[in-house]
Amino acid sequence: MQIGFIGLGNMAKAIIGGMLKQNIVTQEQIVGTAKTETTMEKMRKEFGIRTAGSNKETAAGADVLILAVKPIFFPEVIEEIRDEITEDKLVISIAAGKTMEWIEKEFKKPVKLIRCMPNTPALVGEGCTAVCVNSSVKCEDEEFCLKLMGSFGKAISIPERLMDAAGAVSGSSPAYVFMFIEAMADAAVAAGMPRKQAYEFASQAVLGSAKMVLETGIHPGELKDMVCSPGGTTIEGVRVLEEKGMRSAVMEALSACVEKSKKL
Ligand SMILES: NC(=O)C1=CN([C@@H]2O[C@H](COP(=O)(O)OP(=O)(O)OC[C@H]3O[C@@H](n4cnc5c(N)ncnc54)[C@H](O)[C@@H]3O)[C@@H](O)[C@H]2O)C=CC1
Ligand SMILES: O=C(O)[C@@H]1CCC=N1
């Protein structure tokens, strides 16, 4: 089984790093291409994977081909590899916004196609990938894809109409969570804490809170109430967050993300 990557940027790196860490595939099974030789050299050094001389070569040698370039480059990449995509090959797109119907039309022929929306926490085995498939994909291909994407976190099948929402709440949301961690750490630094320690506290609090939601099944609102002692310190912060429109800001941000995805 050869896994090909077209595009070796942030997301491909996270997926490759995650797959190798979990021993789901070996370095010898991964081949990829990027725009520049510098990127490919870095990937060979960092992950020990192979790189090919062209996208065509990567596509030709791959049983499973992951398209990991920016959505805007899809037409030129598909044009380049079209002839190499035989009906036995599984093509996985991780691009935001590009529907399976649009991608298949670009290929100008039926393609065994899976659309995924991963996120960068894949790199540390805590990714979350939304998966949907087209009608050419067999049950065992979908199972295989869920296993592959599940090797570096969770993999969840969803209908394609939810892909834009998945992009916001999962694909993009790590960026918003990192901003939240930075902001909390900045406040701790302002209150005198050394920066390194501030990141440690803020990150562990986010990790622990997320675990509580996932593992206890208790509603996030109830978990919040458990932190707010009557007349205590936390509720003062909650009051300020409500006053500054934190929930609304987050909802507006994710809605903007969904809208942008629909336009890609
Ligand atoms: N970064 C993220 O957190 C996530 C990204 N995605 C999707 O993943 C895809 C890639 O995004 P990033 O990794 O963030 O982008 P990036 O800019 O970090 O990487 C893109 C890669 O594509 C390569 N590339 C560009 N044109 C090429 C061509 N003609 N042939 C071969 N390689 C080419 C570049 O050299 C680079 O290695 C996008 O479609 C994005 O929507 C999906 C989920 C999360
Ligand atoms: O910003 C982007 O377009 C990609 C898609 C999801 C996360 N990053």
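Let's start at Ala68, which in this predicted model touches Phe5, Ile6, Gly7, Gly9, Met11, Ala12 and Ile94, leaving aside residues up to four places away in sequence.

Ala68 belongs to the largest nonpolar core, a set of 51 residues. Together with Leu65, Ile66, Leu67, Ile92, Ile94 and Ile114, Ala68 is listed among the members with the most contacts inside this core. Helix α1 gives the most to the core, with 6 residues. As a general point, nonpolar side chains in soluble globular proteins tend to be buried together.

Ile114 leads us on to the strands. In β7, Ile114 has Val133 as its bridge partner. The two strands involved are β6, residues 112-117, and β7, residues 127-133, and they pair in the antiparallel sense over 4 bridges. If you follow the strands across the model, you will find an open sheet of 8 strands with mixed pairing, running in the order β3-β2-β1-β4-β5-β6-β7-β8. At its edges sit β3 (50-51) and β8 (153-157), each of which pairs on one side only.

Now let's turn to the ligands. Ligand 1 is surrounded by 28 residues, and the closest are Gly7, Gly9, Met11, Lys35 and Ala95. You have met Gly7, Gly9 and Met11 already, as residues that Ala68 touches. Which helix supplies the largest share of the shell around ligand 1? That is α1, with 3 residues. Both α1 (10-21) and α4 (74-81) supply at least two residues of this shell. Sorted by class, the shell has 15 nonpolar, 10 polar and 3 charged residues.

Around ligand 2 you will find Ala96, Gly167, Gly171 and Ser172. By class, this shell has 1 nonpolar residue, 3 polar residues and no charged ones.

Finally, step back to the whole chain. It is divided into domain 1, residues 3-158, and domain 2, residues 166-263. Taken over C-alpha atoms, the centres of the two domains are separated by 31 Å. How many residues does each domain bring to the contact? Domain 1 gives 10 and domain 2 gives 7. On the side of domain 1 that touches domain 2, the residues divide into 7 nonpolar, 3 polar and no charged.

Key. Residues numbered from 1 in each chain as written. Chains lettered and ligands numbered in written order. Predicted model: local features only at pLDDT ≥ 70, side-chain atom pairs only at ≥ 80, totals over all residues. Near = placed C-beta within 6 Å. Nonpolar A, V, L, I, M, F, W, Y, C, P; charged D, E, K, R; others polar. Domains from an automatic or database assignment. Contact = placed C-beta atoms within 7 Å. Core = buried A, V, L, I, M, F, W, Y, C linked by C-beta atoms within 7 Å. Buried ≥ 20, exposed ≤ 12 C-beta atoms within 10 Å, placed from the backbone. Pairing = 2+ DSSP bridges.
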